[in-house]
Every structure is written in C-alpha cells, then in structure tokens.
Amino acid sequence: MDIRLRPFEDGDLPRFTAWLKEPHITPWYTPAEDWLHEVENRHGEFSFIRHFIILADGASIGFCQHYPYWRGGESWHGNLPLAGTYSIDYLIGELAYLRKGYGAEAIRLLVRDALAQPDAARVIVQPDELNAASRRAVLAAGFAFDAQNGLFILRREDLGA
C-alpha cells in the first residue's frame, strides 16, 4: 500500500465535489457548499488550513486537512489547551478503498504533517458517535479516546516526535 498526501489543487475540485455527494460521505460533510467554499478559498480566508488529496498508488482516493484548532472557531476541545492543538478532517471518497486500512494510513501521514508544525503539541478529532468507521480509523492510526473531553487525541510524544 503506497499512500501519500499531496497539496489540494484547483483540478481536484470536480472530484472533491463528487465525493461530497457520495452516500457514505454526505452524513458527515454537510453542508457540502461550506466544504467547497473552504477549499476554493484555501489561498485566502482559509489559508491557515493545509488541504490534501490522499493518493493510493498514484490514484486520488480521498481528501484530508489539518489546521490549528483555535483558528477554526470551534469549542469542543474540553479542558485541553488551545495552544499547540491541531485538528484534522479526512475522507476516503472512492468506494473501492473503504475498509482496507487506507484511511488509517492517510490519518497517520496527516498527523505527522500536523505535528511537524513548530507550534503543534497534539492533534484532536471528534468523529460523530454514529461514524463507527471513522472512529475505528483514528484508533488504528494511534489516537486514544479521551473520555473526559469526549474526543480522540494523539500527542507529539506519542509519536516520539
């Protein structure tokens, strides 16, 4: 399995748009227009987010991103400090690549990239409780469930980074 991440490009918009319409994606990525607006404005308003396409043996199979959590305007971090906290989003859009470990491997790569940022100390993510596949993928990628805060976390020291 050769999984890589490459920066999102304008030519990826049609494929990303199609993925957002897939039945296994739509419950978690709504409204789709917000996600499209974000990637279309990734060089401006959303330049703090690093957007990627997931490649498997050179084929585009999904999308992922990381960002400094505090810049996203969210408030689900519990008692964790804002400083040093990053968050991620990810999807495998191509049906043929689901439930085969590609998501977990892409998450590992994404987390390594996030934790390579000078100010990053931890990555948090909060998949919907009904999204069992996503929750399994983050656990397989090395995250631990933080019951006190109701989220999954992976710290820089967990990677030995």
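**Order of elements.** I walked the chain from the N terminus and wrote down β-α-α-β-β-β-α-β-α-β-β-α. That gives 5 helices and 7 strands; helices (H or I, at least four residues) and strands (E, at least two) are DSSP runs, numbered from the N terminus. Next I looked up the radius of gyration: it is 15 Å, close to the 15 Å from the globule rule for 161 residues, so the protein is as compact as a globular protein of that length. (The radius is taken over C-alpha atoms, and the rule is 2.2 Å times the number of residues to the power 0.38.)

**What I'm looking at.** I keep in mind that this is a predicted model, where local features need pLDDT of at least 70, side-chain atom pairs count only at pLDDT 80 or more, and totals for chains, interfaces and linings use all residues. Residues are numbered from 1 along each chain as its sequence is written, and side-chain values use heavy atoms, with hydrogens and water left out.

**Overall size.** I find that the C-alpha trace spans about 40 × 35 × 30 Å along its principal axes. Of the 161 residues, 46% count as buried (under 20% relative accessible area; exposed is over 50%, partly exposed in between, with a 1.4 Å probe and protein chains only). I also checked contacts, meaning heavy atoms within 4.5 Å. Among those with a separation of 6 or more, 64% join residues 24 or more positions apart.

**Aromatic rings.** How many aromatic pairs does the whole structure hold? My search finds 8. Rings of Phe, Tyr and Trp (its six-membered ring) pair if their centres lie within 6.5 Å; planes under 30 degrees apart count as stacked, over 60 as edge-to-face and the rest as tilted. I opened Y29 and W35: the ring centres are 4.5 Å apart and the planes at 50 degrees, so this pair is tilted. Y29 is buried at 6% relative accessible area, and W35 is buried at 14%. Then I turned to Y69 and W76, with centres 5.1 Å apart and planes at 80 degrees, so I noted an edge-to-face pair. Both Y69 and W76 are buried. I also marked one aromatic cluster, formed by F8, F16 and F63.

**A stop at Q126.** Where does Q126 sit? I found Q126 in the loop between β5 (122-125) and α4 (132-140). Q126 counts as partly exposed, at 37% relative accessibility. Leaving aside neighbours within four places in sequence, Q126 is in contact with W76, N149, G150 and L151.
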